[in-house]
Amino acid sequence: MGSRSARGSPSRRLLTETGLLAAIGAAVLLDSRGYPPSLTEGAPGPAFFPRLLAALLIACSVWLAIRSWRGARERGAGGGSDSGSAGASADESGAGRSRGNVSSASAAGSEAGNRTPHLGVWIAVGWIAAFLLIWPRLGTVLSVPLLVVGLMWLTGERSWRTMVSVPLAFAGFIYLVFMVLLGVPLPAGF
């Protein structure tokens with residue numbers, strides 16, 4: 001009975017993370033009320049980007065909450081209908097299907113499944129810190145693709161086409177939006 005009720009609702013950890021994202025977004029929105037809306041006519045002011053990012057953060061947290069509720073409902077419905085021994089053995093061994101970034105083994109709370117994501121988080125934090133250190137020296141056009149490739153690799157992406165095209169497209173997007181359209185000076189590197 002305990003496992004069925006755990007499958008029928010999202011984990012407290014996921015709901016806590018979702019609520020934390022929404023709270024951070026709301027705090028940024030509240031903080032940005034004191035920013036001037038625009039400094040010149042027709043141009044975005046200092047409040048534009050914090051408000052945009054806060055709204056996107058809140059939208060992502062809502063999407064994550066909806067996704068977790070749907071996944072929990074599907075697991076609850078699917079867990080009760082499996083009468084075969086193959087389905088039971090897959091659930092018991094923790095080798096069940098993955099839902100997004102969380103596998104069944106880590107969702108069940110196994111000790112080995114909890115260590116790897118924490119290590120990945122610390123590697124990602126180190127990778128971002130290294131990016132911040134080399135960004136002024138290498139410049140935006142070279143360092144942003146390195147950051148994106150590293151983070152994509154850490155999240156499990158292994159397709160070389162994706163690992164080349166996404167970072168280049170992202171660096172081009174940053175260059176066009178910030179340097180060309182908005183005139184924001186970004187580090188140019190050597």
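These legends go with several close-up views of a predicted model.

View 1. Reading along the sequence, you get the pattern α-α-α-α-α-α-α-α. Of the 190 residues in the protein, 17% are buried. Take the contacts with a separation of 6 or more, and 56% of them join residues 24 or more positions apart.

**View 2. Helix α7 packs against helix α8.** Two packed helices are described by the angle between their axes and the distance between the axes. Here the pair is α7, residues 140-154, and α8, residues 160-181. Their angle is about 140 degrees, and the axes sit 8 Å apart. The cut-off for roughly antiparallel is over 145 degrees, so α7 counts as oblique to α8. The crossing of α7 past α8 is right-handed. On the α7 side, the contact is made by Thr 140, Val 141, Val 144, Pro 145, Val 148, Val 149, Met 152 and Trp 153. From α8 come Thr 162, Met 163, Val 166, Pro 167, Phe 170, Ala 171, Ile 174 and Tyr 175. Sorted by class, that's 14 nonpolar residues, two polar ones and no charged ones.

View 3. In soluble globular proteins, nonpolar side chains tend to be buried together. Which residues make up the largest nonpolar core here? There are seven: Phe 131, Val 144, Leu 147, Val 148, Met 152, Met 163 and Ala 171. Both α7 and α8 supply at least two residues each, and α7 gives the most, with four.

**View 4. Met 163 and its neighbours.** Leaving aside residues up to four places away in sequence, Met 163 touches Val 149, Met 152, Trp 153 and Glu 157. Met 163 is also part of the α8 side of the contact with α7.

**View 5. Ser 143 on helix α7.** Skip the residues up to four places away in sequence, and Ser 143 touches Phe 131, Ile 134, Trp 135 and Leu 138.

**View 6. Gly 150 and Pro 167.** Look along helix α7 again and you'll find Gly 150. Gly 150 has a relative accessible area of 12%, so it is buried. How far apart are the C-alpha atoms of Gly 150 and Pro 167? They are separated by 9.7 Å, with the two residues 17 apart along the chain. Pro 167 is one of the α8 residues in the contact with α7.

**View 7. Tyr 35 in the loop between α2 and α3.** Now for a loop: Tyr 35 sits between α2 (12-31) and α3 (48-81). With 32% relative accessibility, Tyr 35 counts as partly exposed. Tyr 35 and Ala 47 are twelve residues apart along the chain, and their C-alpha atoms are separated by 5.2 Å. Not counting residues up to four places away in sequence, Tyr 35 touches Pro 46, Ala 47, Pro 50 and Arg 51.

Conventions: Residues numbered from 1 in each chain as written. Predicted model: local features only at pLDDT ≥ 70, side-chain atom pairs only at ≥ 80, totals over all residues. Heavy atoms only, no water. Axes fitted to C-alpha atoms, helices over the stretch in contact; angles between N-to-C directions. Parallel < 35°, antiparallel > 145°, perpendicular 65-115°, else oblique. Left-handed = near helix turned anticlockwise from the far one by under 90°. Contact = heavy atoms within 4.5 Å. Nonpolar A, V, L, I, M, F, W, Y, C, P; charged D, E, K, R; others polar. Core = buried A, V, L, I, M, F, W, Y, C linked by side-chain atoms within 4.5 Å. Buried < 20%, exposed > 50% of the residue type's maximum accessible area, 1.4 Å probe, protein only.
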